[in-house]
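Here are my notes after going through the model with you in mind.

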Amino acid sequence: MKIICIGRNYAKHIEELQNEKPENPVIFLKPDSAILAKNQPFFIPPFSNDIHYEVEILVKINKVGKYIDEKFAHTYYDEIGLGIDFTARDIQDKCKEKGLPWEKAKAFDGSAVIGEFLQKDTLGDLNNLTFTLSKNSKIVQDGNTNVMLWKIDELISYVSQFFTLKKGDVIFTGTPEGVGRVNENDILIGKIKEKEIFSIKVK
């Protein structure tokens, strides 16, 4: 399986990082080695002094698709999840300054938290889905898919122009504002509509 990530999909997050609003979705990939093993802590890697959390709604693809029409995109997934795109912000900033790829900052081992998946038909309107990330019992990110620049079905259609989507692939749909640094012993809890989807300890 592959992990396809969308950057800059929430306007206020673009503003907080002082990035340009893109004309099209920003796409990058994480390898399967980036997945943080279930029930394992996240270890801050030795090569970064500024690891940030970024909570994101996830979509799990359920069948093979290429050049998917947006009106049919809803048939390519049954499950919605929540995860964290851990980012080495110091390394990313250096890469961006030099116009280099971001993979060192985004795709390192353990950088992809994939929480529990829920059946999408239990969640109501997927374009009005609330989700949160708490750090040490304080909500630090409070998102709603209704302010995504590109909605889930639009993303699936767009991504499938470039990559064949396969069963088991996961799309990270972008993070809202409120990203920040993690520190040793932090506890990160992600929820969709008040339902806990993951709990991670930082070491």
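Which residues are linked in a network of salt bridges?

1. Keep in mind that this is a predicted model. The answer to the opening question is Lys30, Glu54, Asp85, Arg89 and Lys106.

2. Start with Asp85 and Lys30: their closest N and O atoms are 2.8 Å apart, in a salt bridge. Asp85 sits in strand E5 (residues 77-85) and Lys30 in strand E2, so this pair links distant parts of the chain, 55 residues apart. Asp85 and Lys30 are both buried.3. Glu54 and Lys106 also meet through their side chains in a salt bridge, at 3.2 Å from N to O. Glu54 is in the loop between E3 and strand E4 (55-61) while Lys106 belongs to helix H3 (residues 103-106), so the pair ties together parts 52 residues apart in sequence. Both of these residues are buried.

3. Lys106 has a salt bridge with Asp85 as well, with the closest N and O atoms 2.7 Å apart. That pair links helix H3 to strand E5, 21 residues apart. Here too, Lys106 and Asp85 are buried.

4. Now the sheet that E3 belongs to. It is an open sheet of 3 strands in the order E6-E3-E11, with antiparallel pairing. Strand E6 (87-88) and strand E11 (180-181) are the edge strands, each pairing on one side only. E3 and E11 are joined by 2 bridges, and Tyr53 has Gly180 as its bridge partner in E11.

5. Have a look at Ser48, in the loop between strand E2 (26-30) and strand E3 (51-53). Is Ser48 buried or exposed? Its relative accessible area is 5%, under the 20% cut-off, so Ser48 counts as buried. The Ser48 side chain reaches the backbone nitrogen of Asp50 at 3.1 Å. Leaving aside residues up to four places away in sequence, Ser48 touches Ala88 and Asp90.

6. Last, the nonpolar packing. In soluble globular proteins, nonpolar side chains tend to be buried together. In this model the largest nonpolar core has 46 residues, and those with the most contacts inside it are Phe42, Ile80, Phe86, Ile156, Leu188, Ile192 and Phe198. Another core lies apart from it, with 11 residues, among them Cys5, Ala34, Trp102 and Val170. Back at Leu188, the residues it touches include Tyr53, Phe86, Val182 and Phe198, not counting those up to four places away in sequence.

Technical notes
Residues are numbered from 1 along each chain as its sequence is written. This is a predicted model: local features need pLDDT of at least 70, side-chain atom pairs count only at pLDDT 80 or more; totals for chains, interfaces and linings use all residues. Side-chain values use heavy atoms; hydrogens and water are left out. Helices (H or I, at least four residues) and strands (E, at least two) are DSSP runs, numbered from the N terminus. Buried means under 20% relative accessible area, exposed over 50%, partly exposed in between (1.4 Å probe, protein chains only). A polar contact is a pair of N or O atoms within 3.5 Å; within protein, one must be able to donate a hydrogen and the other to accept it, and residues adjacent in sequence count only if both atoms are side-chain atoms. Contact means heavy atoms within 4.5 Å. Two strands pair if DSSP finds at least two bridges between them. A nonpolar core is a set of buried Ala, Val, Leu, Ile, Met, Phe, Trp, Tyr and Cys residues joined through side-chain atoms within 4.5 Å. A salt bridge is a side-chain nitrogen of Lys or Arg within 4 Å of a carboxyl oxygen of Asp or Glu.
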